[in-house]
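Colleague: I'm new to this one and would like a close look at a single part of it. Could you walk me through the aromatic side of things and whatever connects to it?

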Amino acid sequence: MAQHPGSTAAAPPPARTGEGPAAPVRAALAANLRRGRLARGWSLRELSALSGMSKALLSQIERAEANPTVEVLVRLADLLDTTCTDLLRQPLLAPEIIRGADIDEPQDTSAVHLLFTGYDLGRLEVYRSRLHPHAQSQVSTHGPGSMEYVMVVEGRVTLFTEGVPHLLEAGDAARFSGQTSHYYLTQESPAVTHSVVAYQRD
């Protein structure tokens, strides 16, 4: 069928999918798109008008039921003043832990090890914390899109995220989503940690 001048090309029908390997990516896109839309006060109808995409397609994306094309992702990212990478970013709800004992550091030479890398975020907050024996830090959350990185410099701490404990020894490092409820707990000895909280770009 011929396309009338000035009309918007319809997006191809989205593929309905089950819980395959792409399901977490679709879920992340659904949450990120909805958060970005609501942050701008847009309804699905308004986003449809701005993007030239059907309301039905946008609704399916926000319900994690669609596999949008690259062109659709680029158009949505441009409208939300973000990137496709950020639209597809999955929250790191379970901590990613690097054990100090697993890092090979020869005694007779200097060594530098990249622990974590990413292009997530803008504003950073850097902390040094000392916890006394049998102490608990404040229960914290840092908001959607934030990330916390922590390294244990001295002693040992137990990191709790959403109530799940993760024991960290001196030299261990972890990163996790700052939107999870978390705190640190010591036992019989004090501990020193260095941590960085990074926030998503506005």
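How many aromatic pairs does the structure hold?

Modeller: Keep in mind that this is a predicted model. The structure holds 1 aromatic pair. Its partners are Phe160 and Tyr183, and they are stacked, with 4.8 Å from centre to centre and 5° between the planes. Phe160 belongs to strand β4, while Tyr183 belongs to strand β7 (residues 182-185), so the pair ties together parts that are 23 residues apart in sequence.

Strand β4 (residues 157-161) is joined by 5 bridges to strand β5 (residues 164-168), and the two run antiparallel. If you want a spot to start from, find Leu159 in the picture: His166 in β5 stands opposite Leu159.

Arg175 forms a salt bridge with Glu96, with 2.9 Å between the closest N and O atoms. Here Arg175 sits in strand β6 (residues 173-177) and Glu96 in strand β1 (residues 96-98), so this pair ties together parts that are 79 residues apart in sequence. Arg175 is buried, at 15% relative accessible area, whereas Glu96 is partly exposed at 31%.

Glu62 and Arg34 form a salt bridge, their closest N and O atoms being 3.8 Å apart. That still counts because the cut-off is within 4 Å. Glu62 is in helix α3 (residues 55-62) and Arg34 in helix α1 (residues 23-39), so the pair ties together parts that are 28 residues apart in sequence. Glu62 is buried, with 13% relative accessible area, and Arg34 is partly exposed at 42%. Arg37 joins in as well: Arg34, Arg37 and Glu62 are linked in a network of salt bridges.

One more to look up is Asp86, which forms a salt bridge with Arg89, the closest N and O atoms being 2.5 Å apart. Asp86 is buried, at 5% relative accessibility. Over the whole structure, the search finds 8 salt bridges.

Notes:
Residues are numbered from 1 along each chain as its sequence is written. This is a predicted model: local features need pLDDT of at least 70, side-chain atom pairs count only at pLDDT 80 or more; totals for chains, interfaces and linings use all residues. Side-chain values use heavy atoms; hydrogens and water are left out. A salt bridge is a side-chain nitrogen of Lys or Arg within 4 Å of a carboxyl oxygen of Asp or Glu. Helices (H or I, at least four residues) and strands (E, at least two) are DSSP runs, numbered from the N terminus. Buried means under 20% relative accessible area, exposed over 50%, partly exposed in between (1.4 Å probe, protein chains only). Two strands pair if DSSP finds at least two bridges between them. Rings of Phe, Tyr and Trp (its six-membered ring) pair if their centres lie within 6.5 Å; planes under 30 degrees apart count as stacked, over 60 as edge-to-face and the rest as tilted.
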